[in-house]
Amino acid sequence: RPAPAPGAHDAVWTDGARRAESGAEPVRRPFEGLRILDLGVIVAGGELGRLFADLGAEVIKIESAAYPDGLRQTPPGMTMSRSWALTHRNEYSLGLDLRHPDGADVFARLVGESDAVFANFKPGTLASLGFSYDRLRELNPAIVLAESSAFGASGPWSARMGYGPLVRATTGVTWLWTSPDAGPGEFYDATTVFPDHVSARVTAIAALAALVQRHTTGTGAHVHISQAEAAVNQLATTYVAEAARAAGLPVAEDGAVHGVYPCAGDDEWCVVSIRSDEDRAALATVVGDTDLATWTAARDKTVVANTLQQAGIAAAPMNRAVDVLDDPQVRFRNTYTDMVHPLFDAPMPTETRPAPFTNIAPAELRPAPMPGEHTREICQKVLGLTAEDIDRLIAQDALFAYRGRP
């Protein structure tokens, strides 16, 4: 439907709506009671499961001894990587070989007792293991399968393998991350925000929509997110403007200027955005006839930002990673919490919760598991297998279990 004109609707509360009372007791975490079988790997897969685990879901990470998750790679002398510890908190680990007939049988039984399966393999991989969506639906008509892959489940590129750097290059993100003074072939492409973190959260929304539908209809659903499309959607305006220029059409340039300026100190910088004539007039009042870069170079970056903000100009200091945790806004909003893990000598900063909530308890901070740490517990609790059954499956390499922390 078209976007409404201003004032087209009356302001009314929907029936039953109410504001949470200040100081009310926290409600149960909203995903408590959900059981998710998580086949996801590395960042896009790992973060998806963690988002649900943080909100109370029982997320069972399915781990293969032959094909360990890339985040399991550790520096010499370490038992667990920090990336794994942060990405897989609040989860359980089941060591299982899907390629072993008995391991596949255990997984099939778990599907019958679960609400969702998460994966981010190359399209066709799950089907080749004997667990296409049709098979999953035979095992559990109400199952939700939520997947993501580099280019999606259909189209000429769907069968291609792709990780973050490849997706960023093909979608134009890498092209944006350069500068006029960069050498030939030099790009500043060293973050997984695009596509991994964005794709994980888009997939979480899609999975949640499917689970809501399942709750009301009793039927499952299959969603498959293209990580490339998630990046493309973030750059829609850029693509439209570039396509228009390529077609020889006139494109009105944005009058806003977003500049990076040097500040006092060694390699210190700030960003200033000038959006309108009002901003230009306010800037002239602050700096006078002095060139902006000269004016900022003589001042601390925080002083620059505060002075310009007081004049109504958007400005902020450049923070390095080490500066972020001490940023007063980040600290005030409790964005990060110290998480203790028995395998690490010191607490590590971790995201406090997926979002600030009024009446939902903060995320638990249960330590991320070792491979197969909960194999026996899950098989006994969920499937009712005996200790003898589990020992036999481990001896046959259908399952594996962690032998204990060092």
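**View 1. Cysteine 379 is buried, at 1% relative accessibility.** Here buried means under 20% relative accessible area, exposed over 50%, and partly exposed in between, with a 1.4 Å probe and protein chains only. A note before the other views: this is a predicted model, where local features need pLDDT of at least 70, side-chain atom pairs count only at pLDDT 80 or more, and totals for chains, interfaces and linings use all residues. Residues are numbered from 1 along each chain as its sequence is written, and side-chain values use heavy atoms, with hydrogens and water left out.

View 2. A disulfide is counted when a pair of cysteine sulfur atoms lies within 2.5 Å, and the whole structure has zero disulfides. Cysteine 263 is buried, with 6% relative accessibility.

**View 3. Phenylalanine 194 and proline 195 are joined by a cis peptide bond.** Omega is about -5° here. Proline 195 sits in helix α8, residues 193-217. Helices (H or I, at least four residues) and strands (E, at least two) are DSSP runs, numbered from the N terminus.

**View 4. Asparagine 90 has a positive phi, about 65°.** Look for asparagine 90 in the loop between α2 (82-87) and β3 (92-96). Asparagine 90 is buried, its relative accessible area being 0%.

**View 5. Asparagine 334 also shows a positive phi, near 50°.** The loop holding asparagine 334 runs between α15 (328-332) and β10 (336-339). With a relative accessible area of 46%, asparagine 334 is partly exposed.
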